[in-house]
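Subject: Handing over a structure

Hello,

I am passing a structure on to you, together with some notes on what turned up in it. Please have a look at it first, and then read on.

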Amino acid sequence: MSLYSDLASDALAILVEFGQPGTVQVQTGATFDPVTQINTPTYTTYPVSAYVGNYSGRVNEAGTLVQTSDRKLIVSAEGVALDPQMSCIVTVGGVAYASQNIKPVGGQGVNVVFIIQGRA
């Protein structure tokens, strides 16, 4: 096991203890309906543990304006096979958050956690 794999396991244990259970839905494709001419996205859902926090005194996060209703989501990366993209949806405590900004934390090809700016 590498250092980052150990850190991912530790992060998961901390988020299980202090966070809440949730899901990350990662868009994996789309289904086209020729009658309505609409693409309907398809998602893969992963169970995660997450901590929901507030932004304090920040105006923007990596160039994205932080609104007062935005939340900082710290999401466990363990068990998430696909990295969340900007189209992902994180659901924690019954609230669905659309991702506005995603920052993976880790190294050597192993993600430990994802810090996501979520907008309800």
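Which residues does I116 touch, not counting residues up to four places away in sequence? The answer is Y55, R71, K72, L73, V75, V90, S99, N101 and I102, where contact means heavy atoms within 4.5 Å.

Before going further, a word on what you have. This is a predicted model, in which local features need pLDDT of at least 70 and side-chain atom pairs count only at pLDDT 80 or more, while totals for chains, interfaces and linings use all residues. Residues are numbered from 1 along each chain as its sequence is written, and side-chain values use heavy atoms, with hydrogens and water left out.

The chain has an average pLDDT (the predictor's confidence in each residue, from 0 to 100) of 89, and 97% of the residues score at least 70. Among the elements, the lowest mean, 72, belongs to strand β3 (residues 60-61), and the highest, 96, to strand β6 (residues 89-92). Helices (H or I, at least four residues) and strands (E, at least two) are DSSP runs, numbered from the N terminus.

Now to the fold. Six strands close into a barrel, in the order β1-β2-β5-β8-β7-β6, with antiparallel pairing; two strands pair if DSSP finds at least two bridges between them. Ignoring direction, neighbouring strands of this sheet are turned by 45° against each other on average. Helix α1 (residues 3-18) packs on the sheet, where it touches β1, β2, β5, β7 and β8, and its direction makes about 40° with that of β8. For such angles, axes are lines fitted to C-alpha atoms, for helices over the stretch in contact, and the values run from 0 to 180 degrees between N-to-C directions. The antiparallel strands β1 and β6 are joined by four bridges, and Q25 has I89 in β6 as its bridge partner.

Finally, two loop residues. Q37, between β1 and β2, has a positive phi near 60°. Q108, between β7 and β8, has a positive phi near 55°. Q37 is exposed, at 57% relative accessible area, and Q108 is exposed at 67% (buried is under 20%, exposed over 50%, partly exposed in between; 1.4 Å probe, protein chains only).

Best wishes
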